[in-house]
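Biologist: I am new to this one. Please put it on the screen and take me through it step by step.

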Amino acid sequence: MIQLPRTATETAAELARGLRNGRAFRLINFHATPAGRRAEYRAQIAACAGHYSSLSAEALHSVMAGGAFPAKPMLVPVLFEGFRDNHDVLLPILEDFGFKGWFFVPSHFINVEPRRQRIFAARHHLYYGPDAYSGDRIALSWPELRSAHAAGHLVACHSRNHTALHPDTPDDVLHEEIVGAKEELEQGLGASVDTFCYLYGAEYGLNPRADALLIEAGFRYLFSNFRLQKLQ
Amino acid sequence: MLIDDAYLDQFETDMVRLSRRAYAEVGVPMYLVPEDLTGTNPAPPPDPAFQALAQEFEAVTAALAARNGPLSSTDLAQVLEVLADRNFLDVPFSSLSDGPAQ
């Protein structure tokens, strides 16, 4: 499912060069974070707390502008998909240990009415485990996302409908999933968003028309499977 | 860095084990390499902490290609996941996991 603009061998050589240059971000990628794993998440984040600091937006801008990495290595907890249990289960743990989470949200998921969110999730590759919210919403709400953002957590765009974008995807779909997603996310959040991640973590160069829209929409950073790319 | 058969066997065993995690609900450590596509920023100062990681990544990917044929993108992801699992903490990150989906 992971697609690359060059061969895996060429990509491996590029990544090795990048690592040898002495810089890499450490991420922990989460998706749904069910309450049944609360103790597991707590043990993992607690173990990281002694070793790592948070990556703030300011630190990201500095490092990506050529600045030195902070003396204490940074850890980026990434919360993909916009599930409600990210707020209810993982966020309090991150806050207990002083980490800032990065929420990568398919903007429209939040706007789907609660009784249809499970259908939306099933049709848009939004996978979760145990369903702790029977009869209620499974997506984050806008107040929850705004509250997290106000507390210093980061919000990024993960398309509008969690749609994979291919080189032959029609222009109107690309526009909705990139430009429309940014507008919807910024309207709901009440703040600007400058970071994007394609579904399946595609990197820059795989889909030139989509990449051009990222630039046009004003995105500055692209998270992908293996790279964090500064676009502009 | 020397990669012998025993090392590579254990590495591939870890690749398989970690690939069977419940990705939808567990935390997965990973490395991301920064890349400036604008070409406007100065070269970053080196960080010795990542030299060993780069060496191991190169050695493992070369050994995997020699053993199994051309690398796939999934191979790259799994190699980085194993390295991250082993190196983020003093113990493997996955050792702090409850295991399969509940």
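Modeller: Start with a strand pair in chain A: A:F30 stands opposite A:L79 in β3(A). Keep in mind that this is a predicted model.

Biologist: Which residue is the bridge partner of A:S54 in β3(A)?

Modeller: A:S54 brings in another strand, β2 (residues 53–54) of chain A. That strand pairs with β3(A) in the parallel sense over two bridges. The partner of A:S54 in β3(A) is A:L75.

Biologist: How many of the seven residues of β3(A) are buried?

Modeller: Buried here means 20 or more other C-beta atoms within 10 Å. β3(A) is largely enclosed by the rest of the structure, because the buried residues number six of the seven.

Biologist: Turn to helix α2(A). What do its buried residues pack against?

Modeller: First, the helix itself. Helix α2 (residues 38–49) of chain A has twelve residues and should span 16 Å at 1.5 Å a residue; its end C-alpha atoms are 16 Å apart, which agrees. Its buried residues are A:Y41, A:Q44, A:I45 and A:C48. They pack against β3 (74–80) and α4 (84–96) of chain A.

Biologist: Why do those buried residues line one face of α2(A)?

Modeller: An α-helix has 3.6 residues a turn, so residues three or four places apart point the same way. Seen down the axis of α2(A), the buried residues line one face because they fall within an arc of 95 degrees.

Biologist: Now the loops. Which residue of chain B does A:F69 touch?

Modeller: A:F69 sits in the loop between α3 (57–64) and β3 of chain A. It is buried, with 21 other C-beta atoms within 10 Å. The C-alpha atoms of A:F69 and A:R23 are separated by 7.8 Å, though the two are 46 residues apart along the chain. Leaving out residues up to four places away in sequence, A:F69 touches A:R23, A:V63, A:M74 and, in chain B, B:D47.

Biologist: And A:R115: buried or exposed?

Modeller: A:R115 has its place in the loop between α5 (107–111) and α6 (117–123) of chain A. Its C-alpha is 7.2 Å from that of A:G135, 20 residues away in sequence. With 10 C-beta neighbours inside 10 Å, A:R115 counts as exposed.

Biologist: In what order do the elements of chain B run?

Modeller: Chain B has three helices and one strand. Buried residues make up 32% of its 102 residues. From the N terminus on, the order is α-β-α-α.

Biologist: Which element of chain B gives the largest share of the side that touches chain A?

Modeller: In all, 48 residues of chain B are in contact with 55 residues of chain A. The chain B side divides into 31 nonpolar, ten polar and seven charged residues. The largest share, nine residues, comes from β1(B).

Biologist: Which residue of β1(B) is the bridge partner of A:R26?

Modeller: Strand β1 (residues 25–30) of chain A and β1(B) run antiparallel, joined by five bridges. In β1(B), the partner of A:R26 is B:Y31.

Terms used:
Residues numbered from 1 in each chain as written. Chains lettered and ligands numbered in written order. Predicted model: local features only at pLDDT ≥ 70, side-chain atom pairs only at ≥ 80, totals over all residues. Helix = DSSP H or I, 4+ residues; strand = E, 2+ residues; numbered from the N terminus. Expected span 1.5 Å × (residues − 1). Buried ≥ 20, exposed ≤ 12 C-beta atoms within 10 Å, placed from the backbone. Arc of directions from axis to C-beta. Contact = placed C-beta atoms within 7 Å. Nonpolar A, V, L, I, M, F, W, Y, C, P; charged D, E, K, R; others polar. Pairing = 2+ DSSP bridges.
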